[in-house]
Amino acid sequence: MRQIIETLAGTIGERNVTRPRAYADATAFIERSLPSASRHAFDSGVNIEYEVPGDEAIIVVGAHYDTVAGSPGADDNASGVAAMIAIARTLADSQLKHTVRFVAFANEEPPFFATSQMGSFRYAQRCRERKEKIIAMFSLETIGYFNDAPKSQQYPSILHLIYPSSANFIAFVSNLKSRALLR
């Protein structure tokens, strides 16, 4: 995982629409990192998908590979991409009950955030059009930061009453409807 993060954040660096060459290099690197990956281009980006086959039910494991302007994106989100690639490689030859799709999403940061040009939006749209049976989605996001220092983790509103104050954990979050899946 370290090598993947160092390549994306170090060798390639900032990767977004303001750095088209680096964005293309990141896309190519992820494709090479996932055997038999397929490319799904849309108006302003490219999603990369790798599938481990199972039955018709599909679990999506995704991470975005673009960065905010001015950032090499080691934590946000080369760490998520590295974890996704590592999990995909681990499961590559597995016999799974459900199909698992690993998707590297483009355009999740501004200026595309919360627009129809987000890679995840385009991917969900494509799945709906194909009437695919998506039963779960796991988004690997900013999992590379670690700090044992007290008060190194901060939260909005009253969440600090529930969650740890040191940033030395990975959180799993869902809506109430999906709490059984989360557990």
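This is a predicted model: local features need pLDDT of at least 70, side-chain atom pairs count only at pLDDT 80 or more; totals for chains, interfaces and linings use all residues.
**Entry 1: H1 against H2**

I began with helix H1, residues 2–12, and helix H2, residues 20–33, and found that they pack at an angle of about 165°, with their axes 10 Å apart. I noted the crossing of H1 and H2 as right-handed. On the H1 side the contact is made by Ile-4, Thr-7, Leu-8 and Ile-12, and on the H2 side by Ala-22, Asp-25, Ala-26 and Phe-29. Sorting the residues of this contact between H1 and H2 by class, I have 6 nonpolar, 1 polar and 1 charged.

Next I looked up Thr-18, which has its place in the loop between H1 and H2. Its relative accessible area is 53%, and because the cut-off for exposed is over 50%, I put Thr-18 down as exposed.

**Entry 2: H1 against H3**

I then turned to H1 and helix H3, the latter covering residues 74–91, and found a packing angle of about 140° with the axes 9 Å apart. That angle makes H1 oblique to H3, and I recorded the crossing of these two helices, H1 and H3, as right-handed. From H1 the residues in the contact are Ile-4, Ile-5, Leu-8 and Ala-9, which meet Ala-74, Ala-78, Ser-79, Val-81, Ala-82, Ile-85 and Arg-89 of H3. The class count for the contact of H1 with H3 is 9 nonpolar, 1 polar and 1 charged residues. Reading back over the two helix entries, I see that Ile-4 and Leu-8 of H1 are listed in the contact with H2, and that Ile-4 and Leu-8 are listed in the contact with H3 as well.

**Entry 3: Gln-117**

My next residue was Gln-117, which I located in the loop between strand S4, residues 98–105, and helix H4, residues 119–129. With a relative accessibility of 15%, Gln-117 counts as buried, because the cut-off for that class is under 20%. Setting aside residues up to four places away in sequence, I listed what Gln-117 touches as Phe-42, Asp-43, Ser-44, Asn-107, Phe-112 and Arg-122.

**Entry 4: Ile-134**

I found Ile-134 in strand S5, which runs over residues 133–139. The relative accessible area of Ile-134 is 35%, so I recorded this residue as partly exposed. Apart from neighbours within four places in sequence, Ile-134 is in contact with Ile-58, Val-60 and Cys-127. I also looked up Arg-101, which stands 33 residues from Ile-134 along the chain, and the C-alpha atoms of these two residues are separated by 9.9 Å.

**Entry 5: aromatic pairs**

Lastly I counted the aromatic pairs, and the count came to 4. Among them I wrote out Tyr-155 and Tyr-163, a tilted pair with 5.5 Å centre to centre and 35° between the planes. I checked the accessibility of both partners: Tyr-155 is partly exposed at a relative accessible area of 21%, and Tyr-163, at 41% relative accessibility, also counts as partly exposed.

Definitions and conventions
Residues are numbered from 1 along each chain as its sequence is written. Side-chain values use heavy atoms; hydrogens and water are left out. Helices (H or I, at least four residues) and strands (E, at least two) are DSSP runs, numbered from the N terminus. Buried means under 20% relative accessible area, exposed over 50%, partly exposed in between (1.4 Å probe, protein chains only). Contact means heavy atoms within 4.5 Å. Rings of Phe, Tyr and Trp (its six-membered ring) pair if their centres lie within 6.5 Å; planes under 30 degrees apart count as stacked, over 60 as edge-to-face and the rest as tilted. Axes are lines fitted to C-alpha atoms, for helices over the stretch in contact, and angles run from 0 to 180 degrees between N-to-C directions. A crossing is left-handed if the near helix is turned anticlockwise from the far one by less than a right angle, and right-handed if clockwise. Ala, Val, Leu, Ile, Met, Phe, Trp, Tyr, Cys and Pro count as nonpolar, Asp, Glu, Lys and Arg as charged, and the others, Gly among them, as polar. Angles under 35 degrees count as roughly parallel, over 145 as roughly antiparallel, 65 to 115 as roughly perpendicular and the rest as oblique.
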